[in-house]
Amino acid sequence: MVVSDASNGGGSSSPPLVVEQTNTLGITKPISLAGPTDADLHRNAELEKFLLDSGLYESNEEAATRREVLQRLDQTVKSWVKQLTRQRGYTDQMVEDANAVIFTFGSYRLGVHGPGADIDTLCVGPSYVNREEDFFIILHNILAEMEEVTELQPVPDAHVPVMKFKFQGISIDLLYASISLLVVPEDLDISHGSVLYDVDEPTVRSLNGCRVADQILKLVPNVEHFRTTLRCLKFWAKRRGVYSNVTGFLGGVNWALLVARICQLYPNAIPSMLVSRFFRVYTQWRWPNPVMLCTIEENELGFPVWDPRRNPRDRYHIMPIITPAYPCMNSSYNVSASTLRVMKEQFRYGNKICDEIELNKAQWSALFQPYFFFEAYKNYLQVDILAADNDDLLAWKGWVESRLRQLTLKIERDTNGMLQCHPYPHEYADTSRHCAHSAFFMGLQRKEGEKGQEGQQFDIRGTVDEFRQEINMYMYWKPGMEIFVSHVRRKQLPLFVFPDGYKRNRMSRHISHSAEKMGEDAAKSNLGSSERSVKRKNDHEMLDEKLGKPEKRASISPQRLVCVSPESCSSQMSIDGTKGVRLAKNAGTKCEIKSSNGLLENGISTEGAYMHISETGGVHPKNDSQNSRCSEVQNENGVNRNKAGEMDLDCLESAETASCKSLSNCKESAVDMDQRLDNTHNFQRTEYSDYVPTASSQALNCERDVRLGSVV
């Protein structure tokens with residue numbers, strides 16, 4: 001059994017090791033070889049104390065429990081393989097030699113897991129033990145009979161087939177790979193390319209989780225600095241609502257690869273420096289240029305690797321983050337135009353806070369302020385998932401959640417990117433319901449800077465209906481499994497989405513974002529700068545209403561379509577550029593209009609269920625990249641990967657020099673420093689506007705024309 005060799009202790013680190021230029025990691029030279037100053041060491045100690053105080057490190061008791069669970073799981077799969085070997089008539093010697101090995105990957109293998117985190121595990125078995133029957137049926141039944149195992153959930157049709165369960169309360173994600181060996185050695189070297197011989201692509205994807213984790217640890221100059229930085233940024237991403245691969249943001253391996261690249265670019269930096277450089281680099285990164293830790297390896301085995309010059313589907317990846325193990329793949333293919341917009345906005349937020357921390361205008365706590373999603377938009381899509389009991393809900397919710405990304409893509413496609421969606425990766429539950437319930441939400445807004453014509457509509461009724469029909473194709477559907485998609489105003493959001501059961505006093509989106517950027521500690525001295533944000537024209541009306549009246553509880557429940565069965569309902573929804581959203585019944589269906597409490601709303605006309613989507617004041621920046629040496633480099637078939645990375649890093653290197661000079665002079669404000677960085681690159685940025693791709697990069701950008709078959 002192979003487990004993580006990571007230390008789980010926190011808060012202590014060895015003195016920084018200076019890496020010389022003799023052994024460069026990565027596809028380009030480092031941006032800077034500078035080590036930490038006394039101020040950096042002080043900030044680093046504060047950061048490590050903050051992470052420790054935030055409870056990001058597990059206790060010794062929990063670490064021991066994890067090791068015990070892995071040993072029990074290892075014994076279970078070994079017994080399972082021996083049982084199958086005996087049943088299939090192999091010799092006694094074969095039965096004795098029969099073996100399976102458990103490997104770990106993900107956060108546990110990288111050494112950045114925290115309390116309550118799951119363990120990503122891979123079972124490697126012999127060639128005669130298959131996934132479809134032996135793993136998902138026989139092993140599933142063995143686990144189901146064990147008292148220690150609860151919440152057992154097989155997901156055989158996932159992109160990477162997985163079995164999820166809890167073992168003695170520890171969450172386990174178990175993959176299976178059958179390799180072309182009759183006997184699996186206990187000391188199997190999974191990083192060797194021979195394990196990929198004569199296996200199918202699902203097996204390659206299962207094996208690559210472990211292979212990628214091992215390669216990452218080999219490709220960073222200082223493993224402990226990498227671990228502390230990654231632990232910090234994973235915590236930040238969860239607080240800011242951008243940690244979720246399944247909903248179109250970034251998952252654990254994506255964040256690990258982004259952090260590892262920063263470690264390569266700043267090999268002598270300590271975690272406090274690496275966090276700041278992370279935001280500085282990725283705020284200026286020109287997507288879809290790829291992030292790579294090493295050159296993409298070709299191999300005689302012939303598995304497809306990420307290459308937009310050869311593979312047309314790769315040209316639609318808008319935020320490529322490439323895995324370092326063969327076959328190199330884009331680990332962030334789930335990212336859409338909408339989720340990339342949200343992440344770039346959060347990178348800018350993080351960059352501004354880190355600048356203020358380096359200028360001693362903010363503390364680390366300001367960086368980790370939670371993102372108030374339910375104050376950011378005026379309109380939301382609410383996806384309610386219901387089932388007869390918790391066991392059914394677990395399976396049904398997993399299916400729906402894995403398809404929510406498709407709803408975002410379909411809305412982008414059907415509105416030509418003019419209606420932006422912000423899926424929120426947190427789930428909520430209404431405990432007052434008599435059935436098992438879970439809910440997810442998406443923020444909706446018109447694309448910033450785009451003015452719609454009067455009467456223009458975003459009709460997503462057909463989009464929602466298409467999504468619902470795909471959801472209802474679930475092959476394990478049971479009576480009681482329902483899904484409802486409804487449109488709610490911010491004032492009508494259910495109380496169960498708010499902490500402590502009440503709604504915060506909310507501000508408009510632009511005002512709340514400005515306050516977030518300053519952080520709690522920096523806000524006192526920088527309130528004036530927050531007024532630069534462009535306000536919606538009704539901000540004053542909203543604030544006056546708050547000052548003059550006590551906040552009203554939502555007395556009118558959002559209307560939604562309730563169906564007798566998934567097959568009998570066809571919902572319709574449209575978003576009007578000037579009037580909002582309307583729900584309508586299809587003639588001849590069994591749909592009823594009900595409020596969220598299940599009572600029939602008699603006499604309510606669905607034609608009148610409108611909600612206003614106001615235009616925002618964002619303005620697209622001019623694209624001056626034609627005059628910049630930072631422009632994307634692309635041949636006629638796609639991105640020239642290595643050259644593009646070199647061009648980006650040339651620009652970032654000059655930015656590092658300029659930024660270091662400006663940071664050394666504390667008299668210069670953070671705003672001035674941003675302007676100097678922008679001038680260095682000829683970057684034109686606004687606080688909440690997106691980078692407009694050059695003509696050469698639009699071939700790889702699916703913001704305008706999303707082809708679902710190519711993205712999946």
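**Notes on the predicted model**

1. Let me start with a salt bridge: the side chains of glutamate 201 and arginine 205 meet at 3.8 Å, N to O. The two residues are 4 apart in helix H6, so about one helical turn separates them. Glutamate 201 is partly exposed, with a relative accessible area of 41%. Please keep in mind that this is a predicted model.

2. On confidence, the mean pLDDT of the protein chain is 75, and 66% of its residues reach 70 or more.

3. The structure holds 27 salt bridges. One of them joins the side chains of lysine 78 and glutamate 186, at 3.3 Å from N to O. Because lysine 78 lies in helix H2 (residues 60–87) and glutamate 186 in the loop between E5 and H6, this pair ties together parts that are 108 residues apart in sequence. Lysine 78 counts as buried at 17% relative accessibility, while glutamate 186 counts as partly exposed at 38%.

4. Arginine 413 belongs to helix H12 (residues 390–414) and glutamate 466 to helix H13 (residues 461–471), so parts 53 residues apart in sequence are tied together. Both partners are partly exposed, arginine 413 at 24% and glutamate 466 at 27%. They also belong to a network of salt bridges that links Lys410, Arg413, Asp414, Glu466 and Glu470.

5. Is isoleucine 321 buried or exposed? It is buried, with a relative accessible area of 0%. Isoleucine 321 sits in the loop between helix H9 (271–284) and H10. Its contacts beyond four places in sequence include Leu250, Leu257, Val291 and Met329. Valine 291 is 30 residues away in sequence, yet the C-alpha atoms are 4.8 Å apart.

6. Helix H10 (residues 337–358) has 22 residues and reaches 32 Å from first C-alpha to last, close to the 32 Å expected. H10 is mostly covered, with 22 of its 22 residues buried. Just after H10, asparagine 360 takes a positive phi of about 60°.

7. Finally, the surface: Tyr90, Leu182 and Val183 form a nonpolar patch with about 230 Å² of accessible area together. Leucine 182 lies in the loop between strand E5 (170–178) and helix H6 (201–219), and is partly exposed at 48%.

Terms used
Residues numbered from 1 in each chain as written. Predicted model: local features only at pLDDT ≥ 70, side-chain atom pairs only at ≥ 80, totals over all residues. Heavy atoms only, no water. Patch = residues over 30% accessible without salt bridge, like charges linked within 9 Å, V, L, I, M, F, W, Y side chains within 5 Å. Areas by Shrake-Rupley, 256 points an atom, 1.4 Å probe, with all protein chains shown as cover. Salt bridge = Lys/Arg side-chain N within 4 Å of Asp/Glu carboxyl O. Buried < 20%, exposed > 50% of the residue type's maximum accessible area, 1.4 Å probe, protein only. Expected span 1.5 Å × (residues − 1). pLDDT = per-residue confidence, 0-100. Contact = heavy atoms within 4.5 Å.
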